[in-house]
Amino acid sequence: MTQHIVAKETPVWQDPRALALMMAATLMVMANATISPALAGLEAAFSGQVNAEILIRFLVPAPSLTVVIFAPFMGFLVDRYGRRPLLFLGVGFFVITGSAGFYLPDLWMIFASRLALGIAVAMIMTAQTALIGDYYTGTARTSLTGLQISARNFGGFLFLTLAGWIAISSPRLPFVIYGLALLYLPFMWSVIKEPAAVTPKNAPSNNSKTKTSVEGGRPSWRLWTLALAVLQLMTNMIFFLMPTQLPFFLDSLDYDSAAMTGVALGALSLAGGCAALFYSRIKGFLGYAGIYALGYGFMALGFILLSFGAYLPAIIGGSVAIGIGFALVVPNFVGIALQLAPSNKRGMAGGILTTAVFLGQFCSPFLSIPSISVYGFEGTYQGTALLLSIFAIAAIMYASGEPPPRQALSSMPPA
């Protein structure tokens, strides 16, 4: 029997499996942005090394490169060999590679450890996405996708604020935060069990596929999932302006880069965590397209506010607005993808989305650095706000042609 749906009357956050999956979700924000407050300090510490300026800027998105390469393969392994083994292997490798920057002596070695960290993240995120689809359906699944983002943002608030403060003492100390993932393992090990439908030994043969093993999905799921992934790639590319460029923006304004980056990104994460708590309710009222319109609208507002960065309230207000908007749109991607993909392909769907997330993160500096060089931070933020406004308007136009979400799945593509 498949371990499946939590009873409707039980709030999903009371299910230990949901708590474990939310804990795993916090590792995603820890993977990249945790060291953001330390970037300026690391640049000073390695100032004598050739190409140090470029390498430092790519320490944050470096894991994204290997996630992009390995996530589709990990999605295949998750579907083939099971969710649980890849999840726990990923968490263990995450601790080793994430904390390596604390003691490795050379900047190139630290950069290599960041690339290795991406392999761990690919394992964790693809397994986690598949498990959400395996364990939950309907309202419970929608609630958990929102709660995941909330957990990720509250974790980000904790990790980034802590990193901002300890980076003042040493830019190496934020790497120690990755070791906190060890504390997750005992609880996750006790509650995360392999769903029977994806256990290799119990997998049905081609001649005896059960409804459970190929449950749900749409015939054209690959095409629609790829289209969804393109939008997610662009969204993450834009969002990653914050952890990769905000430290240098603040430094250009003569703020204390380490402390202020921690405060601004902490405010972003805290606001996003609060907004994501209401995702399920807002989605039930607005539908998927309405959520996209609202979320991209908030993000556009945030980047407009950042363009007035000489004023501290504008920096904090812009960070808060971007956090709210991003936290609203991100659960949409997982929710739609899990409806599109059949159950025996959820690992692959998770791999595609994970690739999109981290490809956007990795590509972000390649576009933002030249843009900032030509147009400055103010012009880059204003151009970003314009693009996000176009996204919001397109979502509003799409939503206006949709039936009410209570009568139909708003913004779901036809089969």
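Start by selecting Arg-83 and Asp-134: these two form a salt bridge, and their closest N and O atoms are 2.6 Å apart. Now show the helices around them. Arg-83 sits in helix 5 (residues 83-98) and Asp-134 in helix 6 (residues 107-135), so this pair ties together parts that are 51 residues apart in sequence. Keep in mind as you explore that this is a predicted model.

Is Arg-83 buried or exposed? Arg-83 counts as buried, because its relative accessibility is 0% and the cut-off for buried is under 20%. Asp-134 is buried too, with a relative accessible area of 4%.

View the three residues together: Asp-79, Arg-83 and Asp-134 are linked in a network of salt bridges.

How many salt bridges does a search of the whole structure find? The search finds 3. To see one of them, move to Asp-15 and Arg-17, whose side chains meet at 3.0 Å, N to O. Color this pair by accessibility: Arg-17 is buried, with a relative accessible area of 13%, and Asp-15 is buried as well, at 10%.

For the last stop, select Gly-317 in helix 13, which covers residues 312-340. Gly-317 and Leu-305 are 12 residues apart in sequence, and that line spans 6.9 Å.

Technical notes:
Residues numbered from 1 in each chain as written. Predicted model: local features only at pLDDT ≥ 70, side-chain atom pairs only at ≥ 80, totals over all residues. Heavy atoms only, no water. Helix = DSSP H or I, 4+ residues; strand = E, 2+ residues; numbered from the N terminus. Salt bridge = Lys/Arg side-chain N within 4 Å of Asp/Glu carboxyl O. Buried < 20%, exposed > 50% of the residue type's maximum accessible area, 1.4 Å probe, protein only.
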